[in-house]
Amino acid sequence: MIGGRVSSSLEAEIVDAVGDFPDDVLEVTAGRKLAYVIKYMPAKFGARYHARGAQGLKISDTPGFTWGRATYVAPLACPLSSGIFGRVGVVARIPDHGSWKTFDARDARKAGLYVAWLQQQARYRDIMLTAHSGYLSQLYRDAFRTRYGIDCVLFRPDQSNRHYTSVREDVWMAVTDWKRLPGKIPVIATGFSERFLDTQLTVVLEEEFEDSMGGIHRTALLNLGAKPPTGNLADDIFYAYNSGGIVRIPS
Amino acid sequence: MNGLLAVAAAFLERMTNPQYGPDVNEEYSFRLHEALAEDSEFARSFATLDLAPDDVESLPACAWPWYLQWREGHGTPPSADFLDALFDYTDDPAVRLSVVDSAVFQDYPGAPPAGRSPEDAPSPPEAGDPDVPTRALRPLQERRTAAGPDREPLRPLQSPWVASRTTRLAGLSDPGRSRADASEMASYLLQLGDPVSLENLRELIGRPWAGRESLILAVRQHIREANLDPEAAAALGRELGLPPGGQA
């Protein structure tokens, strides 16, 4: 599914809104950018990433993810932001990010284009007026990304714990893997992503989280009151990644 | 009964039912994809399950859209009989949309018909290609013209499954239900939006059959409700072959 026809002016605006990947989201200190990302996951999967590059990052393909079927990561510049999703942080390289066609949904005007696109879809009412909104939302977001060839969506965190996540400043990424079938429109791939290279378990959080408010808030279960790490955590993690070490973050 | 599905049902329910929450859904998805990646024989059999109409109850309804979508990328879709049975099994628009998607995707021309130029096959968009929208959405009339006056026309894209469903609609004794069903099918094809879905809709509109008038009215209503600008609405109407002037 690539979605139904929309107004010509809206179509042109969306095409214009899909642009190059903005390098500034990779900036860890002034002028220094690291083309690395981090994905947090439950400890039960962490060991698979202990050896460098042994396992690709999982493409999330079940309903409930903000921008549909994609691999969800944060730039290393936001090193703890998505730590609310698991105790194990896996770092990976993104060598081809310079060619990613990117939809920057942090920009309210651009995010509004998606909403306007949605409102012109033939089955739009199903999302608004039925109990099927979760699954259908995923379908529509996948259709939008497929129609406009979007490799990466940037967005602000929509789940948070204020000690770890800044909903105003942090950046999360939904990255698309494409599966090409002869003669057909590419479909969004499932399984394990090939976009991220040299994955490695590099961070272990002491804290554990669970959903509250239906998942909007991620409540810390230990809350032992340790102070946030000082210094440049992204650099510490990068150093550990390159030296085969593990950064341990106290609760 | 399909033994593999019987064993997989509980697993796939935990993977696809939102009631279990994203953590559980993703845990099961991770485990399944790990098995698919490491066991090619399992992946092959899972992608080519021979599904019969009475298999529709083998999985929870929430698992079918996931499975049909996954299978699009890994094998051929299930048989038309099975898709028919699944479509009739539930009124759930998510399941029905997935069924139509699966049926139409199957009929997407993977290669030009024998003896024709490869240019006759619709070109797939490339990820990251700035021309993706223009290439994917090149209007149907333009694609027809591109075939050239001296060449054979593009092969018909009418999906046998869509044709069979709509022929059945025309035979319904209840005109109210016939209209509603025609409107629903039109909305799914418009929603899918790819060239093959729109071509199917165009051919349904163009051929003489008892439900044609209802279908045209339904398509006009969907276009009106989408609130497209007049230019886009008129262009879509022309592409779909709607009679001019609002007449059926």
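Being 4 residues apart in helix α2 (residues 21-38) of chain B, Arg31(B) and Glu27(B) are separated by about one helical turn. Helices here are DSSP runs of H or I with at least four residues, numbered from the N terminus. An α-helix has 3.6 residues a turn, so residues three or four places apart point the same way. Arg31(B) forms a salt bridge with Glu27(B), and the closest N and O atoms are 3.6 Å apart. A salt bridge means a side-chain nitrogen of Lys or Arg within 4 Å of a carboxyl oxygen of Asp or Glu. Arg31(B) counts as partly exposed because its relative accessibility is 36%, while Glu27(B), at 18%, counts as buried. The cut-offs are under 20% relative accessible area for buried, over 50% for exposed and partly exposed in between, with a 1.4 Å probe and protein chains only.

A word on the ground rules: this is a predicted model, in which local features need pLDDT of at least 70 and side-chain atom pairs count only at pLDDT 80 or more, while totals for chains, interfaces and linings use all residues. Residues are numbered from 1 along each chain as its sequence is written, chains are lettered from A and ligands numbered from 1 in the order in which they are written, and side-chain values use heavy atoms, leaving out hydrogens and water.

**Salt bridges**

Over all chains, the count comes to 25 salt bridges. Three of them are set out here.

| Pair | N to O distance |
|---|---|
| Arg123(A) and Asp126(A) | 2.7 Å |
| Arg145(A) and Asp142(A) | 3.0 Å |
| Arg31(B) and Glu27(B) | 3.6 Å |

In chain A, Arg123(A) and Asp126(A) are both buried. Arg145(A) and Asp142(A) share helix α5 (residues 133-147) of chain A, where they sit 3 residues apart, about one turn of the helix. Arg145(A) is buried, with a relative accessible area of 0%, and Asp142(A) is buried at 3%.

**Cysteines**

How many disulfides are there over all chains? A search of the whole structure finds 0, a disulfide being a pair of cysteine sulfur atoms within 2.5 Å. For Cys78(A), the nearest cysteine sulfur is that of Cys152(A), 12 Å away. Cys78(A) counts as buried at 10% relative accessibility, and Cys152(A) is buried too, with a relative accessible area of 0%.

**Helix packing in chain B**

Helix α5 (residues 80-89) of chain B has Phe82(B), Leu83(B), Asp84(B), Ala85(B), Leu86(B) and Phe87(B) buried. The buried residues of α5(B) pack against α4 (63-72), α6 (93-106), α9 (160-170) and α10 (175-192) of chain B, with contact meaning heavy atoms within 4.5 Å.

How do α10(B) and helix α12 (residues 212-225) of chain B cross? Their axes come within 8 Å and cross at roughly 50°. Axes are lines fitted to C-alpha atoms, for helices over the stretch in contact, and angles run from 0 to 180 degrees between N-to-C directions. α10(B) and α12(B) are therefore oblique to each other; angles under 35 degrees count as roughly parallel, over 145 as roughly antiparallel, 65 to 115 as roughly perpendicular and the rest as oblique. On the α10(B) side, residues including Arg179(B), Ala182(B) and Leu190(B) take part in the meeting with α12(B).

Finally, Ser197(B) lies in helix α11 (residues 195-206) of chain B and counts as buried at 0% relative accessibility. Leaving aside residues up to four places away in sequence, Ser197(B) touches Val104(B), Leu189(B) and Leu192(B).

Methods:
Helices (H or I, at least four residues) and strands (E, at least two) are DSSP runs, numbered from the N terminus.
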